[in-house]
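I set out to record what I looked up in this structure. The entries follow the order in which I consulted it.

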Amino acid sequence: MSGILIIAEHINGALRDITGELAGAASSLKDKLGGPVSVAVLGAGDAELTGTANFLGVDEVINVNVGSEHFDAATYEEAAFAIGEKLRPQVILIGHTVGGMAYAPALAARLGSGFASDVLALDVIDGELVTTRGAYGNKVNLETAFPGKGVVVMTLRGATFEVPEGKGTAQITTQDIDYSTLDRKSTHVEYNIPPQAGVDLSKAEFILSVGRGVQDEENLPRFNELADKLGAVFGCSRPIVDAGWLPKSHQVGQSGKVASNCSIYLALGISGAVHHQFGMKHVDTIIAINTDTEAPIFNVATYGASIDLFEFADALEQILD
Amino acid sequence: METRELFWSLDGARILLFYVVGTAAIAIFLYGCWRHYAKYRRGASLTVEFDLWQGVKTMLVSVFTHRTVRKRDLIAGYAHAGIFFGFLIAFIGTSIIFIDYDIFKPIFGFSFWKGNFYLWFSLFLDLGHLALTAGLLVMILRRATWSLPKLNYMRSYRGETELRPKARAWQVEDWVFLLTLLVLEITGFLLEGVRLLSEPVDWAIWSPIGLAVAKFLSVLGVSPETATVIRSYNWWFHGILALAFTAAIPWYKAKHIIAVLGSLALRDPKALRRLPNVPEESDTDDEGSDKIGYADISDFTWKDMLNLDACTKCGRCHDVCPARTTGYPLSPRDLVLDLRTHNDETQGCASETIDLVGDVLDADTIWSCRSCGACQDICPVGVEHPAMIVQMRRHLVDQGEMDPNLKSTLDTIADVGNSMGEPARKRSAWTNELEFKVKDIREEKADILWFVGDYASFDPRNQKVSQAVARLLKAGGIDFALLHEGERTAGNDVRRVGEEGLFESLVEHNLAEMAASNPFARIITTDPHSYNTIKNEYPEFGDVAPINHYTELLADMLRDGQLKVKKPLNKRVTFHDPCHLGRINDGYEAPRAILEAIGCEVVEMPRNRSNSFCCGAGGGRIWIPDEPGAEKPSENRMHEAAELPDIEYFITCCPKDLTMFEDARKTSGHEKDLSVKDLAELVAEAIELDEISLVDLPPLAERLTDAVAERIADVISARLETALTNNLASLAVVQPALPPVTVPPSEPDTPATDAVSTLKAVAADPTSQAPSEVVAEKTQVVESAAPIAIQPEVALQPMDWDNLAPLAPAQLLDYDVPEKDGLRILVAIKHVAVLGDEHEFTADGCDIQAEFLEHELNEWDDAALEEALQLVEKAGSGEVVAVCIGPESADASLRKVLAKGASRAVRLWNDGLISADPLMIARGIAGVATKEQPDFILTGVQSSDHAHGATGAALSRILDLPHAAVVVALNWTQDGAIEVVRELEGGVRHSLSLPVPALLSIQTGGNTPRYATMRMIKKAKKLPIEVLDAESMLEGGGGYSVRRMYTPEQENAQMLDGSPQDIASFVANIIREKRGT
């Protein structure tokens, strides 16, 4: 058993970023573990889509036609197993995403393999595969090993590993597998893209974002005004949206928007949980204000201050006036 | 002979007619009274003990001095006194005539209503009626021309712009009452006048008013003959009107004449100080008897109903209420009137069609109350509004109907014992700043136990006050101690919010801590809320020492010279009486005595003492967010203070007041006009506390010992570092977390001359304080060592592609699984850990030490539970069964889950599972599922502590079930597939359908988990938790084994220092640079 198998993730005919990141992780591991690195694209046999999975470092790309372009957990589990049986890889890499979470653990249970999720670093130490993930709300790290496991399935954290630069020279092969009789399958109904309302965080260059520290719904208007004065787009973290204080379109994070065009991110009263970081940690200049000196946001911010966000806002308003 | 003829000129038939009408009138009156009585009988019985005799005495004093009517409204007070005494005299007069004419004369054959007796009688009656008339005229003038807001029935706080028909009817009622009485008075005097005109007598002067009317009529040219004619018509008019008035008394506003007597007699002297307990549930009947609070009008006690009827719509409570004043949808007057209207319609019966909360009253009305007591304090007739509101809240809480912020605050209090969500361990962290150690009553005895309270412990602004108070006590030589982490919030506001069960558990806890502690003579506190409940409510649950508010102690210390004022402040200040100290517990003088003693001139707030205006934090309102834009009571108070000329300080002596007013000072725009300070801070200034040294100086011998030991410690640490760096391998058996090199605890009797014995003492005692420099050294040493490979706790099952080892459910011992009756849904529950801002690792380096972790029910599992409960409710029958892998402490979360509606719980545990990975966990849950054969399994997407997000999917594979992850909505029509919506990245939603049975992992935000009150949790103790040994989970292995847990090197942000202005300025510059503006 050798090699690394990646199961690609895609939606609406395009690969999701995580797939490239998995390829990047795989190629850095290849040196220590040994290849080959294969990417399996499970879908309706879309050759163009499959072609985009040909990253630098990838040795083989398999276009697997499972009969549907839409994600189904049971199908992906079966197909991954089938490909795995053929290729017999040592490691199977899947994204730690809504899709990946639905079948990667099932695949591991089926194989009896090693398993680690939301992995943020992998290494080979003394011939052993070792993974690192967060623990206790990501305040500490946990290192895990898989003694005796010839196969390890893992899901990797998004926006953490580097995408390889450059195209690969892999062979593209095709496979057809009929899963129409699979009885655990779901039936796809439809996708619903939330309506674009007002703010477009993904295009904003300057974002002022508030979190639980803002405490009351009644405090939001003044921060919204402050954002306007600064010329920033008003954003927020998940708890604000869950409480119904702002519409979903304002949410920065994994299940919200990624601030892809942002260059300045001002985070007020945001603790910086992983899913929020997903949406903003890449931003060039991050300024975080939070009275909790241990808040994870300070691990990704450029500048931080542990002062009261209302006092900060007062002072900033005074400067602007 | 001086007397007058009754029934003048009436023949027998007419007299009979009069008596018939009279009897009918009295019958109608009595019937009206009886109807009210019957209504009250349908009310609940009283739960609070009352002393009727004492109550009647108090009522008589109140009525005869008219103190309650005169309070803060002298004009209405005296006018009403005129009406009351006039009416009383008239009533006595008529009764005397009745007794004389209808009893004495027929039975004993003579009359006493004559002669001198008659003369004085006439005079008193005339004067009484004059007073009555004068009172009526004043009231009429007042009502007609003064446009008093309290008499205005328009509910502008509800956005009304014109009066409701019911309110118009009330106005009519008010005027009918006044005018009818006035007409009776006028026709009464007229009767006298025409009588004296047509039949003059020598003693006419004894009816001075009547005589004046007679003179006036004759001046107008009325002849005696005309007078006679007037007299006969007027007699019947006046008589019938008087009888009609009497008959009508119980049917409208006039009923207060009787109702008030009862209402005042039943006044609870401890109203709002001590709320009524919930009656004990009967053990036999689980279902119906567990009523808590008022769900319906029939739950109101008969005394409450009497209160409702006694209300005269005077509007004083409407005037003083801080909620109503600032535009919140609560007017105590309107609350009482709406309840009364409803009660009159249903006559004390519960209504099938009309909801108490929803139709009669709005929930936001009930939640607006601040429990300040201003309404019941000013009510002249003894209505006790606050307790009624708390009772209605109890029912709402029981149903889980409350603001989500309030729900989560109550959950937080139940978990960590304070409303801020701070770890309980840090409750007395504020004492670390002090120059001296504060005693722990659990370890040593003291004179005084200081019960600190939440805000005084955790809120930064209030911590400064606590520190000042601690220093003052120390300077004054007071022997005091704290409960430190043993203390939980006293629960005053938890009770006023209606969470009675949580309140009881807080009381039990605090009382137990106090009972288990060393002796103390009394308790003090800076928090009036804690003061109120410990003083008035705790004694009903157990013995508790007497308690004083710290202002009483400080006043005594200043008076007795324990604290000496060195520098009188000579400032003009104003003082805010806190509701729970002042109005509710009559504590006005001590703070003023203090201010005087320290040389402050107190300029009283316009609304002071019992009329003090609540800061708005009470009744749980500090935990409920306010509507944007509304004025807050604290802001209103700031405006009031700002009107006072030349005030330097606004003084408080309550932690919540300080918090609210420091805030309001800014938001009300008075930041430059007013400074808010606590009394303790001023006292500290006046006695020049800074100049007093409070450091505990250890005896000389101790100081010598410390100095020698420090030298030894330095030498040892240097040698250890060398040894460690050179000999890593030989430390394989040494625990990586070395016991700190310590300074031995000071023992004044043992001179430390022998270095070896000192070292032995050091090695043997790992609990002493470590000097900081040495600790830092040690930490460095450990981190440079390589991580030591740890033997996995559980051997993983080896496998490869040739030897696949699919996971199978754990083999568990059989237990009693009941027959399925409808749907069965299994919900996986985890009792998750919460890590605060400090941690230390366990000896094996694989986990964090338990003392640094708090625990709670996993938020995602709560969402899954809610989905499951809703599915069962929709199906109409079935059960939700909770499965948990966890140690005994996890039962706390399971109890909550059972309280919310799960029928059973199954818990698996074995100590070897401490580092179990999700695959192992999934096998355990699968083991239970094979026995339970559920129709659905719901899990949370992930647990908040480790967020693997894997258990659900792995479980679906082991059980071969269809599965969907990250579900935010589901819809099942009882047959066939289930429709499910999963939420993808970016908020995209994916709808799909799954065959049933299925496993779903549920995302938060898709539903609002219901609230389990402490009472429900206590009740749920009867529900079974099946505990199974899970050793079989360890065989068959899992997915990973732990190598180590460590604190990662963080790339940290560049932390900025300085004032908010400095930081804002820096940030503004960065923004300008980056944007090129």
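**Notebook: chain A, then a sheet in chain B**

I counted nine helices and 18 strands in chain A; helices (H or I, at least four residues) and strands (E, at least two) are DSSP runs, numbered from the N terminus. I then noted that the radius of gyration of chain A is 22 Å, close to the 20 Å given by the globule rule for 321 residues, so chain A is as compact as a globular protein of that length. This radius is taken over C-alpha atoms, and the rule is 2.2 Å times the number of residues to the power 0.38.

I recorded that the model is predicted, that local features need pLDDT of at least 70 and side-chain atom pairs pLDDT 80 or more, and that totals for chains, interfaces and linings use all residues. Residues are numbered from 1 along each chain as its sequence is written, chains are lettered from A and ligands numbered from 1 in the order written, and side-chain values use heavy atoms, without hydrogens and water.

I looked up the extent of chain A: its C-alpha trace spans about 65 × 45 × 35 Å along the principal axes. Buried residues (under 20% relative accessible area, 1.4 Å probe, protein chains only) make up 60% of the 321 residues in chain A.

I turned to chain B and found an open sheet of five strands in the order 1-3-2-4-5, with parallel pairing. Two strands pair if DSSP finds at least two bridges between them. Strand 1 (439–440) and strand 5 (547–549) of chain B are the edge strands, each pairing on one side only. I noted that strand 4 (residues 522–525) and strand 5 of chain B pair in the parallel sense over three bridges.

Technical notes: Buried < 20%, exposed > 50% of the residue type's maximum accessible area, 1.4 Å probe, protein only.
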